[in-house]
Amino acid sequence: MPITLTTREDINLDTVFRVAWKKDAVEIGEKALRRIADCRASFLKLIETDPPPVIYGVTTAMGELASRKLELDERDRHARIKAFAAATSFGEPLPDRVVRAIVLARLTNFIEGNAATTPRIALAVAAMLDGGPMPMVPAAGQGGAGDILALYPLFAELSTRFDLEVKERGSLINGSPCAAALVADAALAARRRIRIAHKVFALSIEAFRAPLEHYDAALDALWGDEHEAAALQGLRQFLVDAGDGRRNYQAPVSYRIVPRVLGQAHRALSSAERAADVSLASISDNPVYIPPDDAHPLGRCISTGGYHNAMAT
């Protein structure tokens, strides 16, 4: 059953697990599609005002030509420049599940109208998750800002199927969906690996007949750290039926510090999970469209550094 996206909060770690790892499809809800269409209409009115606002890549050229304002007849030609497979991307391809996660994270900018793109582009991106083969995205590259080097080849084929309109090209290649997807994938993998670590360490503790007092429930409160408490609880879960005949003196240091070491792994996982949930729901487009309010009836479009995701790194 497809996952229905209504707001950007719908894109989170659980959604990544279902869409990227389990390969569930995605659909955009009717309310979200109306919001995307409404924001697109307001955005088009905004750029038609006189004098036109300065909007990078829309009313101005891109890159080193950003200071040059585009005439009305130039905007459409500028918009139709296609995304392409960047020559500076190289290396082994990202796993299929990671590419699916990037596509899902790309929808965050669209779902509440902040990319100011058309519903057709949002629907086309969502359709990439319908079960067909994913584009090959190299895992390495140099020479571009943000996630552009990965997003060019990811959306190159999609962009050839449309005559792109103003803002649509930028909505595909700007932002940081790759960073969000990669930290989400790492967090999901780490959840499983920590559980395996609990099992392996518990098995070693049992095989060595280490005293169970090293993992006593009293330590949960004495150490006062939620992550070390989680490690202690995780170990005890697999030591419930531990046998008798244990050592009658303390085990070596390596056995006694297992909860502390695993606690650090839990701490790192918690940070990755938070970075993933925040990043997946974060609007990272540049320039970003802020929908209309009382002070700005046509909304605003401003340049930001949202595409730089330091938290995921």
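**Overall size.** I started with the radius of gyration, taken over C-alpha atoms. The protein chain has 25 Å, whereas a compact globule of 313 residues would be near 20 Å; the globule rule is 2.2 Å times the number of residues to the power 0.38. Next I looked up the extent: the C-alpha trace spans about 85 × 45 × 40 Å along its principal axes.

**Ground rules.** I'm working with a predicted model, where local features need pLDDT of at least 70, side-chain atom pairs count only at pLDDT 80 or more, and totals for chains, interfaces and linings use all residues. Residues are numbered from 1 along each chain as its sequence is written, and side-chain values use heavy atoms, with hydrogens and water left out.

**Make-up.** I find 13 helices and six strands in the protein chain. These are DSSP runs numbered from the N terminus (helices H or I, at least four residues; strands E, at least two). Buried residues come to 48% of the 313; buried means under 20% relative accessible area, exposed over 50%, partly exposed in between (1.4 Å probe, protein chains only). I also checked contacts (heavy atoms within 4.5 Å). Of those with a separation of 6 or more, 76% join residues 24 or more positions apart.

**H1 and H4.** How do H1 and H4 pack? Helix H1 (residues 13–21) and helix H4 (residues 96–106) pack at about 130°, with axes 8 Å apart. Axes are lines fitted to C-alpha atoms, for helices over the stretch in contact, and angles run from 0 to 180 degrees between N-to-C directions. H1 and H4 are therefore oblique to each other (under 35 degrees is roughly parallel, over 145 roughly antiparallel, 65 to 115 roughly perpendicular, the rest oblique). On the H1 side I noted Thr15, Val16, Val19, Ala20 and Trp21, which meet Arg97, Arg100, Ala101 and Leu104 in H4. These contact residues divide into six nonpolar, one polar and two charged. Here Ala, Val, Leu, Ile, Met, Phe, Trp, Tyr, Cys and Pro count as nonpolar, Asp, Glu, Lys and Arg as charged, and the others, Gly among them, as polar.

**H6.** In helix H6 (residues 119–127) I listed Ile121, Ala122, Ala124, Val125 and Ala126 as buried. They pack against several elements, including strand S2 (26–28), helix H2 (30–47) and H4.

**Two single residues.** Leaving out residues up to four places away in sequence, His78 touches Gly57, Thr60, Ala61, Met62 and Leu70. Leu222, in helix H10 (residues 218–223), is exposed at 66%. I also looked at Leu222 with Ile55: they are 167 residues apart in sequence and 56 Å apart in space, C-alpha to C-alpha.
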